[in-house]
Amino acid sequence: MEHGHTKYPIGHIIGFLLSLAMTILAAIVALRSGLPKPAIMSIIGVLAFMQAGMQLFMFMHIKESDNSAVQIGNIIYSIIIALTIVLGSIWVMHN
Amino acid sequence: MSDHLDTSLPLEYQSEQSRLNIFGFWIFLGAEIALFATLFATYFVLSGMTAGGPSQLDLFKEKDVMIETILLLVSSFTCGLAIFSMRNHNKNAMLAWFIITLLLGAGFIYFELHEFIDYVHEGATMQTSAFLSGFFVLLGTHGAHVTLGILWGILLIIQVVRNGLNPVTSRKFFIISLYWHFLDVVWIFIFTFVYLGGLIQ
């Protein structure tokens, strides 16, 4: 378990600025870029997953406990279930 | 609870009980991911079924969405700063950041309720169409989680003011921070796929 007793929350500030940048970039791509819809959805989808992953590691400290391997495994498994439910439903209902 | 603090570990990881509580909360978050996945799936499948009522483009307003998103994003950051202060054993800074977090959360709820009331005035209620049923259930579940988080947070603040920062209260604060960050993660997906996806021409 690692935790630095730094006086300055540099990791949080970097995480926050990156989140803000990704949010604004996603809004600009979606609302101002004029790209075709599938291209926009792909770009903002990737940005959303990047931002979610960053929150897990930089804000939620998912890696730091002794149980981190099981924790990460559990969350990855939940994400697989989530993707199966969401993409599966969309796929089934559009066929 | 042992009185001997292991200084190589943060306060919230001192006892086996606390480590298991935190671990158990991660398992709960896994279940929450599945819950929100079913609501997202319902919304995506029904999002085109407006039944003659208003569509996403008629309802969603860029400005409102950006305000709500920024409020929740900043609150996730200040919540992180609260835990950072907690690990530096700075109780007052932790409480200050945590109170700011809850106020930003309350601001988010205010704007979200405002948005819902606007929609209802425009004739877009939960009964109007399948799209709006899915929308209000997904957003309402998220908003209810944020509201619950605010109430939970107020109770924890009272506990820390009364009992101080000890291994038990710090474990409780660490767990609510996980909950709060998780709600911001859910909002990232609502913002991206519900709002931005709905606003694309």
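**Exercise 1.** How many of the 26 residues of α3(B) are buried?

The model is predicted: local features need pLDDT of at least 70 and side-chain atom pairs pLDDT 80 or more, while totals for chains, interfaces and linings use all residues. Residues are numbered from 1 along each chain as its sequence is written, chains are lettered from A and ligands numbered from 1 in the order in which they are written, and side-chain values use heavy atoms, without hydrogens and water.

Step 1. Apply the terms: helices are DSSP runs (H or I, at least four residues), numbered from the N terminus; buried means under 20% relative accessible area, exposed over 50%, partly exposed in between (1.4 Å probe, protein chains only).

Step 2. In α3(B), 20 of the 26 residues are buried, so this helix is largely enclosed by the rest of the structure.

**Exercise 2.** Classify the pair Phe16(A) and Phe77(B), then the pair Phe116(B) and Phe136(B).

Step 1. Rings of Phe, Tyr and Trp (its six-membered ring) pair if their centres lie within 6.5 Å; planes under 30 degrees apart are stacked, over 60 edge-to-face, the rest tilted. The count by this rule is 27 aromatic pairs over all chains.

Step 2. The centres of Phe16(A) and Phe77(B) are 4.2 Å apart with planes at 10°, so this pair is stacked. Because Phe16(A) belongs to helix α1 (residues 10–32) of chain A and Phe77(B) to helix α3 of chain B, the pair joins two chains. Phe16(A) is buried at 13% relative accessibility, as is Phe77(B) at 12%.

Step 3. Phe116(B) and Phe136(B) are edge-to-face, with 5.1 Å between centres and 80° between planes. Their pair links distant parts of the chain, 20 residues apart: helix α4 of chain B holds Phe116(B), and helix α5 (residues 130–163) of chain B holds Phe136(B). Phe116(B) is buried at 14% and Phe136(B) at 11%.

**Exercise 3.** Where is His89(B) placed, and is this residue buried or exposed?

Step 1. His89(B) lies in the loop between α3 (62–87) and α4 (91–121) of chain B.

Step 2. Its phi is positive, near 55°. Most residues other than glycine have a negative phi.

Step 3. With 53% relative accessibility, His89(B) is exposed.
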